[in-house]
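Here is a short briefing to read alongside the model. Have the sequence and the 3D view open as you go.

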Amino acid sequence: MTKKQATKRKVKDAKPTKEQESVSEQSEQEEDEDLLQAVKDPGEDSTDDEGIDQEYQSDSSEDLEFESDEEGNYLGVKENNAEESEEDGEEEDEEGDSSEEESEGNAETAKSEEKPSGSKAVQESKKLIGEITPRDPSKPEYADSDTSDEEDIRNTVGNIPMHWYDEYKHIGYDWDAKKIVKPPKGDQIDDFLRKIEDPNFWRTVKDPQTGQEVLLTDEDIALIKRVNSARIPNPEHNEYEPWIEWFTSEVERMPIKNVPDHKRSFLPSVSEKKKVSRMVHALKMGWMKTTEEVERAKQQKRGPKFYMLWETDTGREHMRRIHDPVSAPKRDLPGHAESYNPPPEYLFDEKETKQWLKLKDEPHKRKLHFMPQKFKSLREVPAYSRYLRERFLRCLDLYLCPRAKRVKLNIDAEYLIPKLPSPRDLQPFPTVESLVYRGHTDLVRSVSVEPKGEYIVSGSDDKTVKIWEIATGRCIRTIETDDVVRCVAWCPNAKLSIIAVATGSRLLLVNPKVGDKLIIKKTDDLLAEAPSQDVIENERIKTAVQWSTAEAAEQEKGVRVVITHFKPIRQVTWHGRGDYLATVMPEGANRSALIHQLSKRRSQIPFSKSKGLIQCVLFHPVKPCFFVATQHNIRIYDLVKQELIKKLLTNSKWISGMSIHPKGDNLLVSTYDKKMLWFDLDLSTKPYQTMRLHRNAVRSVAFHLRYPLFASGSDDQAVIVSHGMVYNDLLQNPLIVPLKKLQTHEKRDEFGVLDVNWHPVQPWIFSTGADCTIRLYT
């Protein structure tokens, strides 16, 4: 690069605006320092231009001169414009560009020192140089060559994925085993400026081997266009050249001679016939042998006989046809410690070296049979001293290895099926239908049992709530409501007599007035007066829910408190202690789930964001945890820490209901896609067991509080009772055995069993269906 070119380049680099000058001043200063450091230490620069084709072009038209000493010895070539070349060399050193002309001059000087001395040698060299014709600089150096030996391969890492070097500052190694440093990368602004200013930006590509940018020539672009258009890469090739007939295509109709064969050419002579008969008889009797048999016999007689122990090493095609071949065992692949340049963590420290040397008498106790060593290059690795020993041991392993064939095990399918206990051993469980509770005029959606097990309550689409006596099947009381009753739930606290009824957008707290009179009076006193509230509720809660005392007409029916919601209620569930209850409104978005406290008459909205369409909620029987089931997943929240504990993945289309085991470690989920999912909460977030026992949508599941039983109700009119034993030993999996299928409900409008619920004490189950009945199975 001349001074004029350098000046133009500096002026061009100074074109950016004043705003960009302050930003890029520091980066340019760092690049200049790196460039000067690379010029000062050329030996450590791995981005030199070694191997790149460069052409020497002299600006002057003067010839080259040769220097010689007083004795006539040849010294080298001298240029007439030496001073100009020195000045150009200094300018190029300041810019950080490595001069290939100096390297060529040094190479020629080194070659001149090896030439013979004397005037004769000078004359021969002058004569030789005089005969050399100058090469055309516009023509590539290897244009006439068709070999690839002269290709410039600066990076010696080979054909490997170059993204292995993404985390390193270098991109490979050159021929001198030095690192090839990656060129500095610009950001998107630099690429945009280059795209605007550089007219050759569109034809510049990046070499993945060296990271350098290569400018494509017109010939390269023409070649790429021809390849992309599915044409022949060589434009000079004519694919429609005239066909050259090396041989004639005309059929010769007349033969050279047409003399018919003689008759004796078809019939063997009598002497030949006798000779052939004798040879055939000798072959049959074994007196005469073929050439192959003779050669085979000679080979068997020659010296000792050697053969391969493992025929699979040589005769693979032959062994492939054998029914059950046994191949030689493979050796273990070498690890990082066996490398000639292992990572530092695999090298032994002083403690490991002493321990390795201490086990000299017991080498089998060593972790490695060698001590890892590190070498700078593969050429410095010495010969392995234990090579013959290890090859000998390998041969012994092959010789002594037993080549026994394993017999295929014929296992029947019955042995693969787990052996389940007999249902007789798992009694008691409900087997027959004992009572049918009739009285509703529309489908019965929900049923709940009193904690003591004497009464049940049911809610129906006929806008009534009925309280039944279990033993007699008599309807004790009927409470009429203003809307369809979606869900009823009896308070699990035996000291209170409260039923939560979800009808429309109202939640009614009803005193059924059955059972102990003292408990009835205590419940009325508790719900009579509203406690004073010190906490001011925010506007978000006030618009979602309002607490109020029932009117006189409803007071006579037993309704004590009315909780009005802003959307229709689908489900209501109680906490185990009976003070909290939760309601679900699927249309409420981020206020779909609400938690109410009975003693303080206060409501809470646990979620600020909508996590999906909530289907049902559930309280943990022991821990302060809250289960929320959306359409596809179940989330478990910690009510104390107010954070998400885990998310259960059901892999189902739509969740219909869920029930938790009394111990709190297992969860049963029902889905509308005919499946029941058993989750072991301590095991995984995925189902432990998926049960497909029903033919239609499963609408409800329930665990028994005391017995290891669970049941499910489906639209196929069936209630399936199963045995589900959960063991205290965490290493033992739960035992799940289907026991009984109870199918007595009638189908109405594609609906079957809508809800199931267990008796709190007895192994009895209640089911409600679309046929307006409640059935008891004992």
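Trp 287 counts as exposed because its relative accessibility is 62%, where exposed means over 50%, buried under 20% and partly exposed in between (1.4 Å probe, protein chains only). You will find Trp 287 in the loop between α8 (270-285) and α9 (291-301). This is a predicted model, in which local features need pLDDT of at least 70 and side-chain atom pairs count only at pLDDT 80 or more, while totals for chains, interfaces and linings use all residues. Residues are numbered from 1 along each chain as its sequence is written, and side-chain values use heavy atoms, leaving out hydrogens and water.

**Aromatic pairs**
- The count comes to nine aromatic pairs, taking rings of Phe, Tyr and Trp (its six-membered ring) with centres within 6.5 Å; planes under 30 degrees apart are stacked, over 60 edge-to-face and the rest tilted.
- Tyr 437 and Trp 468 form an edge-to-face pair, because their ring centres are 5.7 Å apart and their planes stand at 70°.
- That pair links distant parts of the chain, with Tyr 437 in strand β7 (residues 433-438) and Trp 468 in strand β10 (residues 464-469), 31 residues apart.
- Tyr 437 and Trp 468 are both buried.
- Tyr 437 also pairs with Phe 766: the centres are 6.4 Å apart and the planes at 45°, so this pair is tilted.
- Phe 766 lies in strand β34 (residues 765-769) and Tyr 437 in strand β7, so the pair ties together parts 329 residues apart in sequence.
- Like Tyr 437, Phe 766 is buried.

**Charges over rings**
- Arg 366 has its charged end over the ring of Trp 356, 3.7 Å from the ring centre; the rule asks for NZ of Lys or CZ of Arg within 6 Å of the centre and within 35 degrees of the ring normal.
- The charged end of Arg 591 sits over the ring of Phe 566, 4.5 Å from its centre.

**Whole chain**
- The chain has 16 helices and 35 strands, which are DSSP runs (helices H or I, at least four residues; strands E, at least two) numbered from the N terminus.
- Of the 778 residues in the chain, 31% are buried.
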